[in-house]
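Subject: Structure for you to look over

Dear colleague,

My notes on what was found in it follow below.

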Amino acid sequence: MEDYICMEKNFLSLIKTRRSVRAYKSEPVPSKALDAVLEAGTYAPTGGGHQSPTIIAITDPKYRREIAKLNAEVMGSNTDPYYGAPVVILVLADGSASTFVEDGSCVLENMMLAAHALGLGTVWVHREREIFDSESGKALLREWKLPETLRGVGAIALGYPAQEAGQPAARKQNYIVRI
């Protein structure tokens with residue numbers, strides 16, 4: 001039981017210290033670290049165990065620029081929505097699965113926690129649904145030889161933080177209600 005309590009405290013510490021990172025070093029993420037983050041995503045719970053998500057790790061500069069451009073267009077901006085991170089991990093899922101959003105969200109969270117445990121930074125980025133529901137997004141899916149039935153759930157920017165993480169906001173009053 002003592003080992004369990006120790007593990008629980010370490011895990012809670014990991015959760016409590018993870019912060020969204022919005023500035024990254026250009027240093028590449030080592031392939032073993034990226035592999036570990038991606039693998040963590042594959043162990044996320046999914047509705048009925050159907051594993052509806054597909055994880056796409058983008059390290060190729062051409063596709064990194066293209067996905068950033070498409071995301072910025074959805075925002076009506078020309079800034080990098082992935083904050084200069086060297087890796088963008090997209091999570092898409094089979095749109096016919098009734099739990100595709102929940103499934104993909106669990107995958108994203110697992111990867112964010114795994115990245116933090118490895119000393120990497122992440123931030124969850126939205127607008128992947130709009131990207132992959134568009135003709136430009138469908139064209140990318142065809143180019144990548146993936147089914148056009150995939151729907152965007154979200155993405156994470158991944159890399160080494162360029163600055164120290166801030167302190168967490170105080171937890172709101174009445175966050176937890178016990179009945």
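This is a predicted model: local features need pLDDT of at least 70, side-chain atom pairs count only at pLDDT 80 or more; totals for chains, interfaces and linings use all residues.

N174 is exposed, with a relative accessible area of 65% (buried means under 20% relative accessible area, exposed over 50% and partly exposed in between, with a 1.4 Å probe and protein chains only). This residue is found in the segment after β4, and it has a positive phi of about 60 degrees although it is not a glycine. K145 is another non-glycine residue with a positive phi, near 60 degrees; K145 is found in the loop between α6 and β4 and is exposed, with a relative accessible area of 74%.

Residues are numbered from 1 along each chain as its sequence is written, and side-chain values use heavy atoms, with hydrogens and water left out.

The segment after β4 also holds A162 and Q163. A162 counts as partly exposed at 43% relative accessibility, whereas Q163 counts as exposed at 55%. The C-alpha atoms of A162 and A23 are separated by 5.3 Å, although these residues are 139 residues apart along the chain. For Q163 and V21, which are 142 residues apart along the chain, the C-alpha separation is 8.3 Å.

A pocket here is found on a 1 Å grid over the protein atoms alone, as an open set of points where a 1.4 Å probe fits, with protein on both sides within 12 Å along at least five of seven lines, and lining residues have an atom within 4 Å of a point. The volume of the largest pocket is about 190 Å³, a volume being the space filled by probe spheres set on the grid points, which are joined across faces, edges and corners. Its lining has four nonpolar, six polar and three charged residues (Ala, Val, Leu, Ile, Met, Phe, Trp, Tyr, Cys and Pro count as nonpolar, Asp, Glu, Lys and Arg as charged, and the others, Gly among them, as polar).

The second largest pocket holds about 150 Å³ of space and is lined by I15, K16, R19, P168 and R171. By class, this second lining has two nonpolar, no polar and three charged residues.

How many aromatic pairs does the count come to? The count comes to two, where rings of Phe, Tyr and Trp (its six-membered ring) pair if their centres lie within 6.5 Å, and planes under 30 degrees apart count as stacked, over 60 as edge-to-face and the rest as tilted. Y63 and W144 form an edge-to-face pair, 5.6 Å centre to centre with 75 degrees between the planes. Because Y63 lies in helix α3 (residues 61-75) and W144 in the loop between α6 (135-143) and β4 (150-159), this pair ties together parts that are 81 residues apart in sequence. F132 and W144 form a tilted pair, 6.3 Å centre to centre with 45 degrees between the planes. F132 is buried, with a relative accessible area of 0%, and Y63 also counts as buried, at 17%. Y63, F132 and W144 form one aromatic cluster.

With kind regards

Notes. Helices (H or I, at least four residues) and strands (E, at least two) are DSSP runs, numbered from the N terminus.
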